[in-house]
Amino acid sequence: MIGCKDCGGVLHGTLGITRSLLGVRILSQGAIKQRLEICRTCDQSTPCKHNKRQVCRCNACGCWIKHKTRLRGESCPENKW
Ligand code: SF4
């Protein structure tokens with residue numbers, strides 16, 4: 001599934017990935033890194049198949065972490081960031 005279970009489904013997820021890829025309304029590198037660090041140690045994150053040291057999906061919302069953490073206006077479904 002591309003979309004986010006909690007926040008609007010496939011359309012929301014597709015728009016978010018598109019914004020992330022185009023660099024539209026993204027956070028500073030420092031803020032993104034801070035979010036990623038939280039996701040890396042979260043029990044809801046799923047390791048990437050190609051690199052187990054990275055995290056790919058959030059089990060709580062279904063989002064792709066590398067895109068979700070870049071976007072202004074996104075929030076953690078468990079209020080961790
Ligand atoms: S978005 Fe929140 S719940 Fe999901 S992996 Fe990151 S910290 Fe965990």
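Modeller: Let's start with contacts: two residues are in contact if their C-beta atoms, placed from the backbone, lie within 7 Å. With that, residues 24 or more positions apart account for 47% of the chain's contacts with a separation of 6 or more. Keep in mind that this is a predicted model.

Colleague: What makes the chain agree with a compact globule?

Modeller: The radius of gyration. For 81 residues a compact globule would have one near 12 Å, and the chain has 12 Å, so the two agree. Along the principal axes, the C-alpha atoms fill a box of roughly 25 × 25 × 25 Å.

Colleague: And how is the secondary structure laid out along the sequence?

Modeller: The pattern reads α-α-β-β-α, which comes to 3 helices and 2 strands.

Colleague: What does I32 touch, leaving out residues up to four places away in sequence?

Modeller: L27, T69 and R70. As for L21, it is 11 residues from I32 in sequence and 14 Å away in space, C-alpha to C-alpha.

Colleague: What makes a group of residues a nonpolar core?

Modeller: The members have to be buried residues of the listed nonpolar types, joined through C-beta atoms within 7 Å. The largest one here has 6 residues: C39, V55, C58, C61, C63 and I65. In general, nonpolar side chains tend to be buried together in soluble globular proteins. Over the whole chain, 21% of the 81 residues count as buried.

Colleague: Which residues is C58 in contact with, apart from its neighbours within four places in sequence?

Modeller: C39, Q44, S45, C63, I65 and K68.

Colleague: Last one: which residues are around the ligand?

Modeller: Among them are C39, C58 and I65, which are also members of the largest nonpolar core. By class, the shell has 8 nonpolar, 2 polar and 2 charged residues.

Note on methods:
Residues are numbered from 1 along each chain as its sequence is written. This is a predicted model: local features need pLDDT of at least 70, side-chain atom pairs count only at pLDDT 80 or more; totals for chains, interfaces and linings use all residues. A residue is near a molecule or strand if its C-beta atom, placed from the backbone, lies within 6 Å of it. Ala, Val, Leu, Ile, Met, Phe, Trp, Tyr, Cys and Pro count as nonpolar, Asp, Glu, Lys and Arg as charged, and the others, Gly among them, as polar. Helices (H or I, at least four residues) and strands (E, at least two) are DSSP runs, numbered from the N terminus. The radius of gyration is taken over C-alpha atoms; the globule rule is 2.2 Å times the number of residues to the power 0.38. A residue is buried if 20 or more other C-beta atoms lie within 10 Å of its own, exposed if 12 or fewer, and partly exposed in between; C-beta atoms are placed from the backbone.
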